[in-house]
Amino acid sequence: MKRFATLFNTIDQSTKTSVKVTALAGYFAEAEEADRLWTVALFSGRRPKRAVTTTRLREWAAEVSEVPLWLFEDSYAIVGDLAETIALVLPPNSETSNQSLSHWIKALRDLSNVDDLERKRFVLRAWKTLGGTERFVFNKLITGGFRVGVSQKLMTRALAQSTGKPEAELAHRLMGNWHPDDVTWHSLIEAEDASADASRPYPFYLAHALEDGPEPLGDPLDWRAEWKWDGIRGQLILRDGSYFVWSRGEELMTDRFPELARAIDHLPSGTVLDGELLVWQAGADKPSSFNTLQARIGRKTVPKKLLSEAPVVLHAYDLLEWQGADIRTLPFTKRRNLLETACADLPADAPVRLSPQHRFAEWDRLADIRATAREENAEGLMIKRADSPYLSGRKKGDWWKWKLDPLTIDAVMIYAQAGSGRRANMFTDYTFAVWHGNDLVPFTKAYSGLTDKEFIEITAWVRKNTQQRFGPVRQVTPHHVFEIAFEGIQASSRHKSGVALRFPRMKRWRQDKPLQEANTLDDLNEMLRIYG
Amino acid sequence: MTRNPVLTFTDKGIYCPAGDFYIDPWRPVERALITHGHADHARWGMGTYLATHAALPVMRHRLGDISAEGIAFGEVRQIGDARVSFHPAGHVPGSAQIRVEVAGEVFVASGDYKIVDDGLSEPFEPIKCHHFITESTFGLPVFRWAEQRDVAAEINAWWAACAAAGKTAFLGAYALGKAQRLMTMLDADIGPLLTHTAVENTNTILRNQGVALPDTVLANGELNPKDHPRAIVIAPPSALGSAWARKFGPQETGFASGWMAVRGIRRRRAGDRGFVISDHADWAGLVSAIRDTEAENIYVTHGYTDIFTRYLNENGWNAKVVPTQFEGETLDQGEEA
């Protein structure tokens, strides 16, 4: 565990990618194979099966530290990370251990076969033996969520350095639903036939936001445009007579979208599509709102009723694999032609549709089209360079998203709560209200959009202007007005205000605006009428 | 019949009616007793100041032409009907707890304190009392300080690695107290010790009053960084990354504070490295200091007041939160941590 803890510290203490990549590459060159494999797994969001509940962990930590449970919980609320709170609150370790990372993982896995008492004995023993970062890492192995500043891209680069394999190939190998319990370092990273897994998706290519309009992109004829749909990005894989659906977050969602199974009847094996999953009612001329889709995403299995109420289709906009061949390096127009050919004969009720392209010869024309996006339940436009290959990750230059300007409303901050992680000890999560007569009605929370400096200023203000505390939440004197930006608005019976916002965030701190001039519930309802 | 309490908490600060004086007031008053020279305790505009002989020179430097009087540790002074004495708080050189006795009832206002001996400040002395006013800056059980020599080893290892890589090590620390404490922890064999003007001004004052500090080189505008390879520079946090600091070329920055114990804060605040070292008591330190006073009544100020007070009440003390304008809870604005 020491070697991994050292790696973790080096990465955690640095903001420089070169330092992180060097540390990782060094680790991959030296660590034992099982540790390497687990390190790749942990840094790509995989983790051992949870052996102990967090409730038990909290109880045991409080017991060993001789603090009451409420005090442990209050400390956790301030530190913001359970694994770290436990590591800090426990007495210093009295012994040390030379066991490896994979040893501890295996030991944790074996806990599933023993009773609670034995589990407790093991965990307490580990806490006694591991100190500092090692103890923190051990706790993280149980609680999950290694949020350390290592992107998949960065880890892939380090792997490329230490193995001599190309980054793109490694990125592809690391995709999909592999787990260190089922693969070896050799089969995952080194073996010749890496495409053996039929479910393995391609890394998604992500667009950059276009902030100042498309004119700087040059000649409009070099570009293609389509709606930026307000659904979820998905990759549909048809191989060996099976289908697989992957989310952009690399989550396998096949079981959630059983209607896509019929794609196998219409498209040949050896096809991989990139597109948007949308709820689209039969005969409708536009997709249903994102809210309808949300009901589907939340369900691991779908009841029949929901399946007929909220049918999902994939609007395909790119073709990554055709007739079993990876065609990502072909120019976009060529891939698009193949995609159009593939989709040409799809019946109207097929679960896959071709996402249409917009015709335009001038940017002004495209701006007019963008202005109608909200009517189509789209978020704006995607603009893609005609000759662009399908890259992986967020690479600037070829793919742009040109979103609609958000809706905005001026609201009053009424509650504040401390953030966690990097924002521990700062008040960064706020609840906002609008006027209803002389009352302030809460309608949304937001926690992003301000600078660190602004958060620090508001934090100091919150401390001096707290009226009441409800656990970690502080009710503050209504005083500050913020412009809240959001992407959509829906009626909601779960919220006191009767509305739910999509992607709310703070656009500006309106220090110029008096409290009384914040918007009203009537204003919000008017927006609901127009855009809901 | 209720008599006047020995100390009361007012909107100007802690007040003693029997002696008509305030302790660490935050608004101008006629007579102020000051625990130590940090800016949130020793404020400008008081009619007269009383502080320890060791605290006064820095206060005079910071506050300018003030009417001030010094007192020795342990010296008893009668002010009106109050018997007053100052006792070491271990926070920074010259820092004191103030003991106030009226008609046999004893209050101790401890200001900021730590109970470990940092080798520089007069070590903390527990004072028996009926009423103890305590800070709670780090009043959570997650705060547990490592031995000073272990932190010293960590800092020296970092400095040596910087020196070996041809980088200047910048260590951010508050000018009074923390900066000098760090200086005494550094291993002079690694390289030269440079100081920012604000730190060196305080060094000069402390040296003049007989505090032993290692040799330093003032890193002002005339200094050529190339003449001082392998250097560590001690500077106030605000100077890290400034135009002045950038003149030193390749560098790493570290920040030394108790807040660095929390990873989230460390990542937000620390530059390259965060070192966990504080001039405040950690959780165990607070609890043991309170126990040693044998006081029944505890008044909890700046810090995690609600939480710490609840803990004390559950464990047999009669504890209360007292309002303060000290921003002890903050990390980003406080003078010292």
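Two strands pair if DSSP finds at least two bridges between them; strands (E, at least two residues) and helices (H or I, at least four residues) are DSSP runs, numbered from the N terminus. The views show a predicted model, in which local features need pLDDT of at least 70, side-chain atom pairs count only at pLDDT 80 or more, and totals for chains, interfaces and linings use all residues. Residues are numbered from 1 along each chain as its sequence is written, and chains are lettered from A and ligands numbered from 1 in the order in which they are written.

**View 1. Strands β12 and β15 of chain B.** Strand β12(B) (residues 168-172) and strand β15(B) (residues 232-235) run parallel and share four bridges. Ala169(B) has Ile232(B) as its bridge partner in β15(B).

**View 2. Helix α3 of chain B on the sheet.** Helix α3(B) (residues 178-185) touches β12, β13 (193-195), β15 and β16 (251-256) of chain B; contact means C-beta atoms, placed from the backbone, within 7 Å. The directions of α3(B) and β15(B) make about 160 degrees, on axes fitted to C-alpha atoms, for helices over the stretch in contact, with angles from 0 to 180 degrees between N-to-C directions.

**View 3. Met382 of chain A.** Met382(A) is part of strand β11(A), residues 378-385. Met382(A) counts as buried because 24 C-beta neighbours lie inside 10 Å; the cut-off for buried is 20 or more other C-beta atoms within 10 Å, with C-beta atoms placed from the backbone. Leaving out residues up to four places away in sequence, Met382(A) touches Ala207(A), Ala225(A), Glu226(A), Lys228(A) and Lys401(A).

**View 4. Where chain A meets chain B.** The contact involves 25 residues of chain A and 22 residues of chain B. On the chain A side, α5(A) gives the largest share, five residues.

Terms used. Buried ≥ 20, exposed ≤ 12 C-beta atoms within 10 Å, placed from the backbone. Contact = placed C-beta atoms within 7 Å.
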